[in-house]
Each structure stands twice: as C-alpha cells, then as structure tokens.
Amino acid sequence: MNSPQTREDLTTLPAYKAGQKLAAREGVQVFKLSSNENPYPPLPSVVEAISQAALDVNRYPDPLNTQMIATIAERYRVDAENIGVGTGSVAVLGHIIEAMVAPDEEVMFAWRSFEAYPIWVQICAGKSVQVPLNDHFGHDFDAMLKAITPKTRVIFVCTPNNPTGTAVMHNELDDFLSKVPSDILVVIDEAYGEFIRDTDVADGLKLFRKYRNVAVLRTFSKAYGLAGLRIGFVIAQPNIADYVRRTSIPFGVSGVAQAAVIASLQPAAEAELLTRVNDIVAERERVLEKIRAAGWQIPPQHANFFWLPTSDVDRIRAACEEAGVAVRPFPEGLRITIGESEANDRIVSLLTSWK
C-alpha cells in the first residue's frame, strides 16, 4: 500500500541549530552565550505595552501591522509601502526568497554566514551559491562577482557577518553594488547593525536610497531585546515589500509583538535601549582587549558577539561548559555572545589562561 511521500530533496535539509542552554547545576550559575541574545530585560514601558496587549490575545492581531509599520517607517524615514515584516528577520529573509526565487534559480551568499540562508534556499527549491570568506573572515566581493550567473536572483550580504563578526566597509559594498546587474536583488542583512561603531562600515539605508535593487533586513531580536516575540522587517522597493507581505503568514506578527515594537521605538524608550547597546559594545571591547593581549588572533568585531577562530573547537567548548557558560561551536571556530559581566569574565579568565 502506498503512503504519502515527502519531498525527496528535503531529506538532506539541515536542521537549524539554535544556541544551546546548559542544564542547571548546583552551586554554579550557568550562562547562555550561544544565541546572541540581549542580556538586559525589557524596559518597564515595553513590559507595560506587552501586558496591555496581552489582554486582547483572544482577538486576532492587525493582519496589516498598520501602526507598527507606520512607526518603523517614520523611524527610518521611508514610506510604509517600503516595509515588509515577519516573525523575525529569519522569516522575512525566507519570504524574500519565496517571492524572488523559482526552482533551480540561485541565491548567493558568503560562507560561512547565517546558517538560515541555505536552509531557506533549499526549502524554496532554489540553489545555494556559497562563496568562501576571505582570509580575514570577511566577504570576498571579487569572487562573488565572478560567481554571478544568469540564474542569480538574490545575493545576501550579512554585515556584521554572523558568525564571524566582521563588517563590510561602505566603499567596498558601494563598489560591489555598482557592478551587480540591476535585476538581482542584494539584501544587506543588518541584524546586528546597532552594534557598529566604525563609521566606515557600510550603511545599508544609504545604499538602499542609491540602488533600486538593494533591500535592508533588520530585526528587533538583538539590540531591542525582543527575541522572544519574533519581529523582523525589510526595507525594500514597494514591489519587493509587497511580495514579502504576500508570502507572509497571515496574522504572523502577534498583537503583543506589534505593541512591543511600537513602545520600543518611542524616543525615550529607544534612547534608553541604545544606551544599553553602548554598554554591550563597551563590554565587547573590554573582553576583546584582554583576550587579544593573551595572544588570540581575532579579526575586527562589530556585533554583540565575537568570533574565536580556532581548530581546538571541541576542547574550548567543553571547557566553557565546565565553567558554566554555553557558547556556539562551528567547524572553523566559536561564536561567543557578549552577555552578563560575570559570564564575560569567565570567558576572559578561561581564554587568557588557555594552553
């Protein structure tokens, strides 16, 4: 007897690997530095907005996200028709691929980069074109230009890059965009954009205003500390944003999430949130100064984590876990979030005495 058959091409689909949390241990406070979460709790004003919105969870949320989109558009000085939203930037990038890529068409990105890119491409029956990072763990734009074919539909540029923490300079991305065919969509993924302090780093919004084939991907999970509510958005030309909305799940962004975004973008709240971001950046620099002084070769870092290139991944990961800190291993190194001061100090102590 026959039974329903799943897609054979999805048998090789990798599972998304979320950062792991350590089990509770008696006498040891454990920390999670494996998911690039914001260590600060929500602001009281945001909690109040969430609480009020929770009273209406028996009702469907606004399916058009009207007030939230208007608030985002005002914040970034674009029109509402330029905004598409979804349940985190990971969902929005999936909607972009769904809207842009037919079976066997190509999506290009550097590798290693955000691991959701190849997953979404395979789900949409597209073809991933993975261009190796350069020797400095950054984008190799010359190689990416050479990899463009008539089937290339979307190029993702993750800056700061997850997991390597490197960022693309504005001039080099501008030069790259000037050479990319205008019928290819280039998505500048700035999930960690608020943590950038180098003024030479690419400004996605400026490039969006210059090139009609540029879109900018953002999230409220990191700097704004709303990871558990799942809200991301893209700033794109109206036709692209329209198709992101068309491919999005109806009622996908909850009323609670919409209220939290609106509250977070109020001037006083956002100012306080970005002060916290400054504190995270300062802590990042403190940690990097100490471990670089101990001899670790770490490329310039621009996000709320740092990249530790090493061939000794398993041994360092195990030592971190023994110290009560979960980190994120990759074949080429470890990604370690900047978290609570005590957690950061444990990482510093471990790495500065590593042999």
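Modeller: Start with accessible area: it comes from the Shrake-Rupley method with a 1.4 Å probe, and for residues only the protein chains shown count as cover. The chain exposes about 16,700 Å². Carbon and sulfur atoms supply 52% of that. This is a predicted model, where local features need pLDDT of at least 70, side-chain atom pairs count only at pLDDT 80 or more, and totals for chains, interfaces and linings use all residues. Residues are numbered from 1 along each chain as its sequence is written, and side-chain values use heavy atoms, with hydrogens and water left out.

Now go inside. Of the 355 residues, 53% count as buried, meaning under 20% relative accessible area. In soluble globular proteins, nonpolar side chains tend to be buried together. A nonpolar core is a set of buried Ala, Val, Leu, Ile, Met, Phe, Trp, Tyr and Cys residues joined through side-chain atoms within 4.5 Å. The largest one here has 80 residues. Ile72, Ile155, Leu173 and Phe306 touch the most other members. Helix α10, residues 267-293, gives the most to this core, with 8 residues. Helices are DSSP runs of H or I, at least four residues, numbered from the N terminus.

A second, separate core of 25 residues includes Ala116, Leu185, Val187 and Ile240.

Methods: Buried < 20%, exposed > 50% of the residue type's maximum accessible area, 1.4 Å probe, protein only. Helix = DSSP H or I, 4+ residues; strand = E, 2+ residues; numbered from the N terminus.
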